[in-house]
Amino acid sequence: GLNFIDLMVRQGNIDNPPKTPLVPGFECSGIVEALGDSVKGFEIGDRVMAFVNYNAWAEVVCTPVEFVYKIPDDMNFSEAAAFPMNFVAAYMMLFEVANLREGMSVLVHSAGGGVGQAVAQLCSTIPNVTVFGTASSFKHEAIKNSVTHLFDRNADYVQEVKRISTDGVDIVLDCLCGENTGKGLSLLKPLGTYILYGSSNMVTGETKSFFSFAKSWWQVEKVNPIKLYEENKVIAGFSLLNLLFKQNRGGLIKGVMDKLLNLYNSKKIKPVVDSLWALEEVKEAMQRIHDRGNIGKLILDVEKAPTPLVS
């Protein structure tokens with residue numbers, strides 16, 4: 001699986017970036033080739049998906065058994081590689097952090113991306129949840145049925161949301177950061193929860209300069225605890241990778257995966273795969289995520305041959 005966090009790793013926009021040479025990637029699917037001496041519950045030949053603390057973009061991957069899950073019979077390998085990061089993050093933010101319940105409303109940015117689509121699907125499992133989404137206008141036709149109200153990512157979505165729901169929303173899921181932090185907080189209802197789970201506005205590159213990175217950083221709202229107290233608002237952060245690999249909460253994640261696989265088996269959720277890429281095409285695949293061209297998840301497929309360039 002290819003995630004926005006991989007772009008941040010590549011650019012060093014994370015705490016303590018690992019030293020090169022480095023194999024990136026945090027999730028994968030495949031077939032068990034070998035087992036540790038004390039491993040129980042798996043056999044050679046099992047179809048599995050897994051979280052990996054780097055090194056997932058490879059033909060052979062090694063990871064502790066607590067991060068490995070069996071793939072349901074009717075899920076293919078590309079769907080399985082698209083499943084763990086997006087759905088676990090979406091589930092935990094909605095249900096563990098924000099306590100999503102019937103009749104609530106949610107604002108999610110990048111509604112066409114992997115996490116955005118997982119959020120929309122999970123919201124649809126709870127009655128009468130209103131989902132507000134922002135996405136690039138060219139994605140609207142493809143994802144319009146997955147969210148209740150869809151706005152152009154460059155539009156003034158604060159006014160659009162307030163026009164529909166005058167007192168705002170219950171949950172804001174923000175992967176953009178920058179000026180969107182203040183906007184998200186301003187949209188929260190009393191007892192609402194704002195969750196920051198990424199900072200894609202901090203990524204520089206072919207179409208973003210270091211100046212835009214600095215501008216985004218300085219636009220982050222400085223949070224005043226007294227104001228939170230007066231307005232009855234909750235502000236939270238969520239990092240699935242830190243939870244897994246730094247804070248040793250693999251057991252908690254296993255319980256979430258069990259619930260998600262039940263939802264998958266009952267046909268209530270299904271990973272959206274945007275496209276498959278050969279390992280040699282990783283540059284082009286990353287550029288597609290950078291340009292926000294994807295709807296759902298990009299997958300690196302070790303068995304895929306590179307697509308010939310058309311002159």
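This is a short walk through the structure, from the whole fold to single residues.

The model is predicted. The protein has 12 helices and 11 strands. Its C-alpha atoms fill a box of roughly 55 × 45 × 40 Å, taken along the principal axes. A compact globule with 311 residues would have a radius of gyration near 19 Å, and the protein has 19 Å, so the two agree.

Now look at how the chain is packed. Of the 311 residues, 49% are buried. Take the contacts with a separation of 6 or more: 66% of them are between residues 24 or more positions apart. The accessible surface comes to about 15700 Å². Carbon and sulfur atoms hold 53% of that surface. As for charge, there are 30 positive and 34 negative side chains. The centres of these two sets lie 5 Å apart.

Start inside, with strand β7. This strand covers residues 169-174. Six of its six residues are buried, so β7 is largely enclosed by the rest of the structure. Strand β7 has a partner in strand β4, residues 105-108. The two pair in the parallel sense over three bridges. In this pairing, V108 stands opposite L173 of β7. Strand β8, residues 188-196, is another partner of β7. These two also run parallel, and five bridges join them. Find I171, and its bridge partner in β8 is T193.

Helix α4 spans residues 114-123. Of its 10 residues, 10 are buried, so this helix is largely enclosed by the rest of the structure. The buried residues include G114, G116, Q117 and Q121, as well as V119, L122 and C123. An α-helix has 3.6 residues a turn, so residues three or four places apart point the same way.

Helix α7 spans residues 180-187. Six of its eight residues are buried, so α7 is largely enclosed by the rest of the structure. The buried ones are N180, T181, G182, G184, L185 and L187. Which elements cover them? Among them are strands β4, β7, β8 and β9 (234-237). Helices α6 (157-164) and α9 (225-231) also contribute.

Now turn to the loops. Most residues other than glycine have a negative phi, and most peptide bonds are trans. Some places here depart from that pattern. A cis peptide bond joins T20 and P21, with omega about 0°. P21 sits in the loop between α1 (4-11) and β1 (27-31).

N55 has a positive phi of about 75°, although it is not a glycine. Its loop runs between β2 (47-51) and β3 (68-70). N55 is partly exposed, with a relative accessible area of 38%. K267 also has a positive phi, near 60°, and is a residue other than glycine. This lysine lies in the loop between α11 and β10 (273-277). Is K267 buried or exposed? At 66% relative accessibility, K267 counts as exposed.

One last stop is K246. This residue is in the loop between α10 (240-245) and α11 (250-265). At 54% relative accessibility, K246 counts as exposed, because the cut-off for exposed is over 50%. Now find N53. K246 and N53 are 193 residues apart along the chain. Their C-alpha atoms are separated by 9.9 Å.

Key
Residues are numbered from 1 along each chain as its sequence is written. This is a predicted model: local features need pLDDT of at least 70, side-chain atom pairs count only at pLDDT 80 or more; totals for chains, interfaces and linings use all residues. Side-chain values use heavy atoms; hydrogens and water are left out. Helices (H or I, at least four residues) and strands (E, at least two) are DSSP runs, numbered from the N terminus. The radius of gyration is taken over C-alpha atoms; the globule rule is 2.2 Å times the number of residues to the power 0.38. Buried means under 20% relative accessible area, exposed over 50%, partly exposed in between (1.4 Å probe, protein chains only). Contact means heavy atoms within 4.5 Å. Accessible areas come from the Shrake-Rupley method with a 1.4 Å probe; for residues, only the protein chains shown count as cover. Lys and Arg count as positive and Asp and Glu as negative; His and the chain ends are not counted. The place of a charge is taken as NZ of Lys, CZ of Arg, CG of Asp or CD of Glu. Two strands pair if DSSP finds at least two bridges between them.
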